[in-house]
Amino acid sequence: MRKISTIEGYIFFFSFQCFTLVKKKANEHVIFLSLFRAGDSPFFFPCRCGLPLVSFLSGTMSHQESQKLDNVNPLETRVEDVIERGDNDFLDDNHDQDEHSESSQSHQAVDESDSSEDEVAPRNTIGDVPLEWYKDEKHIGYDIAGRKITKKERQDKLDSFLASADDSKNWRKIYDEYNDEEVELTKEEIKHIRRLLKGKAPHAEFDPYAPYVDWFKWDDAKHPLSNAPEPKRRFIPSKWESKKVVEYVRAIRKGLIKFDQPKEEPRFYCLWGDDSSSADRTKHLAYIPPPKPKLPGHEESYNPSLEYIPTQEEINSYQLMYEEDRPKFIPKKFTSFRSIPAYENAIKDSFERCLDLYLCPRVRKKRINIDPESLKPKLPSRKDLRPYPSTCYLDYRGHEGAVLSISVEPSGQWIASGSKDGTVRIWEVETGRCLRVWEIGEAVQLVAWNPLPELPVLAASVGADVLILNTGFGNEEEQKRIKELLHIGTPTTDDSDDMSSFLSWIQDEKYDCIRLRHYRTVSSIEWHRKGDYLSTVMPAGESRAVLIHQLSKRLTQRLPFKLHGLPVSSVFHPTRSIFFVATKKNVRVYDLLKQKLIKKLETQLREVSSIAVHPAGDNLIVGSKEGKLCWFDMDLSSKPYKTLKCHPKDITKVAFHRSYPLFASCSDDCTAYIFHGMVYADLNQNPLIVPLEILRGHTSYDGRGVMDCKFHPRQPWLFTAGADSSIKLYCH
Amino acid sequence: MGKPKHYRPPGKKKEGNAARYVTRSQAIKILQVSLSDFRKLCIHKGVFPREPKKKVKGNHHTYYHLKDVMYILHDPLLEKFREIRAYQRKIKKAKAKKNDELAKLLLSRAPSYRLDMVIRDRYPTFIDALRDLDDPLTMVHLFAMLPAIDRLKIEVKRIHNCRRLCHEWQAYISRTHKLRKAFVAVKGIYYQAEVDGQKITWLAPHARQQVLTDDVDFNVMLTFLEFYEALLGFVNFQLYHSINVKYPPILDPRLEALAADLYALSRYFDANHRAVIQEPRVAGSSRSEQEQEESDLRLAQLQHQLPANEPGALMHLVQDASSEIEEDETTRNCKILFQNKKIFLSREVPRESLLFVIPAFGGIVSWEGDGAPFAESDDSITHQIVDRPTQGHVYLSREYVQPQWVYDCINARIILPTEPYMVGRDPPPHLSPFVDDEAEGYVPDYAKTIRQLQAAAKSDIQPLPGTGNDELDNSQNMLAEGFINRTEAMEAAEKKQEMMLLEKQYHNELKMELQGVSSINKLNSEDTKSKEQSLPDVEEQSAEDPSRLMMSRKKRGLYKAIEMGKQQKKERVEKLKERKRNIEAAQKSEKKHRKAQVS
């Protein structure tokens with residue numbers, strides 16, 4: 001069992017072996033029992049049971065114990081007071097209580113001794129013995145002087161009933177069996193009981209939830225109190241402290257510890273002074289200010305115009321973009337000010353700006369705010385460079401295959417064309433009438449009029465053969481001469497030369513003309529200005545690739561030079577005995593009289609496709625298969641004076657006008673470009689090149705566009721031959 | 001064996017880029033500091049990597065100019081950093097030895113550094129500092145909104161300091177009417193002020209709980225912040241000094257406690273200290289005596305600063321002087337925008353921003369809460385800013401508008417009609433004042449209407465005769481006037497152009513004559529010219545291609561880039577137009593649906 005003591009509102013419970021119930025007063029008994037009844041766990045019953053219980057409790061304590069308590073060195077004198085008082089009060093029942101030897105390690109607390117009942121001693125002194133021992137006796141026990149206390153006469157039930165009926169206060173009376181007397185409970189006591197029955201603290205003024213005050217220092221003691229004697233060190237000055245003091249004194253003397261705080265200087269002051277002009281520039285590298293962040297546009301508004309908000313589909317399509325291209329900010333509309341949330345990337349943006357500021361290399365870049373028009377070179381107006389062909393005037397139809405080549409008669413009245421459908425046709429320029437057709441039966445690669453007006457013959461290349469056709473123009477006398485010229489009695493072979501195996505002059509009966517049989521396909525035919533010589537190029541002809549034929553003597557000679565690379569085309573100089581051979585990479589210039597190489601022009605192109613010489617002879621244009629056109633000024637350098645990248649596809653042909661300062665290029669992209677190419681007599685002035693016009697009109701056929709272009713000899717007109725089997729005439 | 005590519009005979013000095021630029025690790029080696037200290041030094045000294053023409057060490061290095069490195073090397077800050085590093089080691093050692101006393105002592109005397117000379121060095125003149133003020137202001141405003149986090153070493157003290165600096169700056173701008181533009185974006189509120197001819201733009205985040213992310217190195221940001229705080233402090237000092245106000249300002253503690261710092265600052269400016277004395281006494285009765293003493297002390301200081309006999313005389317003097325000398329036209333315009341307007345802010349409205357903005361444009365403002373200059377029940381209030389779906393109690397004497405109205409008025413520089421901004425309505429789109437619509441190629445509808453209103457306001461500067469009973473009519477009138485004005489302006493412009501053309505022709509002819517070219521049939525040439533003027537447009541477009549052939553490769557690339565940029569811009573505008581068409585079409589069809597449903 002446990003012993004409970006409640007003092008000052010605290011319950012102390014100890015693990016004592018026995019629990020003594022001393023009945024000294026009936027009311028005590030009742031109170032105690034109700035105490036048990038009210039709180040199920042008596043150990044935690046938070047009440048101040050008041051005096052009766054206290055007295056009972058203090059009564060239970062033996063004298064010896066209280067002495068022991070004395071030795072334990074209690075904390076407060078009040079405690080001792082109470083205990084002593086208890087001793088005095090219950091001195092008489094010491095003997096009885098000795099029986100209940102209790103192992104006492106008690107922790108007694110204080111009572112406030114609030115009522116006078118404390119002084120009324122119980123009449124009976126038998127102690128805590130079963131009362132039935134006195135059941136048969138005439139006395140109930142002994143009083144303090146040792147005299148027997150005789151039992152009173154008990155009221156019978158009728159009397160008691162009557163008493164209760166008579167006396168309204170009878171219910172207050174309780175029979176105390178121990179003392180054998182009737183006790184009348186006071187009003188206060190009844191109140192106490194009532195409160196206890198309700199499970200409350202007996203005293204109304206008691207606050208069960210008062211703040212807890214711990215009177216003891218428990219720090220690391222197993223028990224709250226110690227009875228160790230006061231140590232000596234408490235009474236002598238501390239050595240350690242004196243050392244510390246010395247230390248501090250030294251520190252103060254040394255100035256390590258300062259009592260007066262240093263005066264705080266104002267954090268901010270007028271750093272730049274009053275006059276802003278006093279700028280002492282440090283001799284340091286130029287400061288490059290960081291670029292300012294972009295200012296927000298309409299789309300960053302919290303409430304942008306609706307058109308700035310992308311649709312859901314657009315937002316979804318952003319996912320397909322590369323991360324760099326993806327817009328970083330997607331506009332969104334908030335209907336009111338209060339609905340704007342915190343921007344989730346605020347810190348991140350700021351951080352990135354910081355990184356940019358101290359990690360990004362800065363370079364001062366000139367802001368180019370230039371008018372794109374100013375980038376264009378200063379060229380004379382096109383209006384001033386008129387006339388030049390600009391509009392399609394005529395369309396010569398009749399061919400059934402791609403027109404591969406055209407040639408204009410020197411007088412400018414006729415043009416000849418050779419086509420893939422195996423025909424050579426002659427057209428009247430001004431009307432578009434087809435004058436004559438030769439059915440050759442094989443694709444006609446090239447046609448070329450003889451430049452002499454009095455010798456109207458036409459050279460046409462068909463595969464490996466070159467036909468020299470009589471056009472039938474001119475008066476009778478001329479015709480007669482031509483027929484004579486084109487007549488070969490017997491196939492003459494040059495015995496002196498070994499050309500016979502490679503080339504033969506044959507009379508073609510069908511067309512009444514000369515057939516020059518080459519041993520490889522001919523890619524270029526070019527007449528000499530005097531009309532007697534004819535050069536042909538066979539790219540696969542190796543050392544005999546370039547041949548020069550003489551019509552009057554029916555002679556053929558090969559070019560006596562070694563060519564580096566495959567020849568593509570060849571041209572005669574318009575005035576002098578100079579011969580140009582274009583190989584795939586270079587253009588070689590030979591002097592035919594002196595029999596030597598004059599110049600090598602480096603085109604810096606991938607593959608040359610065509611070449612044309614300016615009528616003055618000092619300038620040269622070269623077209624290439626990568627769509628570039630090079631202008632060479634031979635007096636200037638062996639490198640191109642100008643390279644124009646105009647066509648996206650192969651250039652098929654380039655041409656100079658004989659009298660006007662015009663040149664043209666045509667390409668597989670179905671266009672022809674007209675340029676103004678002015679060559680000045682003054683050697684100090686460079687040629688002027690002005691692009692003038694893009695001529696369109698042909699359609700692409702089989703991947704080819706415009707196959708050939710030729711200028712009219714006198715008018716600023718251009719003829720173009722297209723793969724779409726039409727020939728067009730562009731006039732100014 | 002061949003020589004290595006960049007062989008340099010021994011004893012020969014490096015030249016060119018190799019001598020002028022060093023990589024980062026080389027720089028660290030030269031300076032003998034840790035990478036983090038180097039970073040700090042770079043941030044404080046404003047040293048940034050540079051792009052050498054030839055990268056000697058390779059493409060993947062960052063290069064610093066050797067002069068920059070030397071600039072750091074000769075700075076006392078470097079020595080200070082070393083000292084601090086050594087000192088930290090001492091403290092660490094003391095702590096490791098459990099010598100708390102020593103550690104405490106050492107901590108109390110830790111060396112510190114100041115950035116004043118660094119700032120002076122970086123910005124030799126005040127204008128230079130103002131020029132670079134965008135980033136500092138943005139950063140400080142951001143940090144003023146951040147919570148203090150121990151884990152990230154963001155101290156409460158710094159946050160408070162940031163807030164204070166912001167308010168001081170805003171108070172100055174507001175007081176001197178230097179604010180020009182304000183734009184409420186999703187990212188925050190952009191402000192643009194013009195101080196000493198420098199346009200300073202900064203972003204203040206919305207007053208919301210900020211989102212903290214993990215992928216941010218706060219050390220870097222805090223180093224920047226340290227510099228920015230110092231810079232802004234000095235700039236503020238200079239600005240306050242320029243208007244003869246003492247810095248740092250001493251604020252009314254009560255208003256400070258009520259988080260009405262800006263108002264407190266403006267009060268400080270006003271130095272209308274009679275009111276200041278009265279109010280704190282009323283409020284101070286409930287406060288503990290100590291606090292009252294403190295505030296009294298502060299007030300005493302405040303009074304001390306001011307000339308004794310006339311309250312605020314100094315301020316007036318300053319204001320007068322400044323108004324005579326400095327104020328340009330825009331400032332004057334800004335000053336009178338909200339003149340005679342008494343604006344009251346409801347509880348839910350972003351108070352700080354509006355308290356800054358409205359006084360900057362000459363308005364008087366109050367708010368709901370303690371310390372406000374006037375209460376909601378004041379009869380003289382002309383506008384009340386409200387941001388709630390419905391307004392319960394309505395005073396008929398004032399207009400209830402959404403906060404956007406204030407910002408739109410500011411950007412348009414006129415008082416806009418309030419009905420589109422009334423409570424519960426969807427306000428018209430809020431447009432950015434930073435966009436040049438003409439250059440952009442697309443003008444939003446609302447920008448057009450604002451322009452018309454502006455034109456109307458300009459033509460009729462004096463307020464319309466105060467019928468005032470029908471606002472709608474008024475605004476329509478204004479619109480109509482705007483239209484008329486516009487058409488007139490257009491006509492005038494056309495006339496002017498014609499005149500210019502004629503003049504030009506005349507000049508050309510004169511020139512021709514001078515050159516000796518006989519001017520053959522002038523009249524004809526005139527005619528042809530006038531005809532040709534329409535023609536070339538068509539011709540030139542076709543001519544573009546040929547002339548491009550003659551450009552050099554570089555120029556061609558540039559030209560292409562320009563063209564591409566133009567194309568992109570065009571596409572953007574096209575997209576906007578298309579979206580708008582779609583929206584309008586959708587709206588129309590919706591209306592039709594409704595009508596159909598109704599009928």
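**Notes on the pairing of chains A and B**

1. Please keep in mind that the model is predicted. Arg386(A) and Pro387(A) are joined by a cis peptide bond, with omega about 5°.

2. Chain B has a cis peptide bond to look at as well: this one joins Tyr247(B) and Pro248(B), and omega is about -5°. You will find Pro248(B) in the loop between α11 and α12 (253-257) of chain B.

3. One more backbone detail is worth a visit. Gln604(A) is not a glycine, yet its phi is positive, about 60°. Gln604(A) belongs to the loop between β24 (596-602) and β25 (608-613) of chain A.

4. Now to the interface. Here 93 residues of chain A are in contact with 109 residues of chain B. The area buried between chain A and chain B is about 9100 Å², and carbon and sulfur atoms give 62% of that area. On the side of chain A, the residues that lose the most area to chain B are Trp272(A), Phe337(A) and Ile347(A), which together make up 10% of what that side buries.

5. What about charged and polar partners? Between chain A and chain B the count is seven salt bridges. Glu265(A) and Arg114(B) form a salt bridge, with their closest N and O atoms 3.5 Å apart.

6. Which element gives the most to the side of chain A that touches chain B? That is α10(A), with 11 residues. Elements of chain A that each supply at least two residues to this side include α9 (312-318), α10 (346-359) and β32 (688-695). By residue type, the side of chain A that touches chain B divides into 56 nonpolar, 13 polar and 24 charged residues.

7. The lining of the largest cavity gets two or more residues from each of α10 of chain A and α3 (35-45), α9 (134-145) and α11 (218-242) of chain B. The most come from α11(B), with four residues. In type, the lining residues of the largest cavity are 16 nonpolar, one polar and eight charged.

Terms used:
Residues numbered from 1 in each chain as written. Chains lettered and ligands numbered in written order. Predicted model: local features only at pLDDT ≥ 70, side-chain atom pairs only at ≥ 80, totals over all residues. Heavy atoms only, no water. Contact = heavy atoms within 4.5 Å. Buried area = accessible area lost by both parts, 1.4 Å probe. Salt bridge = Lys/Arg side-chain N within 4 Å of Asp/Glu carboxyl O. Nonpolar A, V, L, I, M, F, W, Y, C, P; charged D, E, K, R; others polar.
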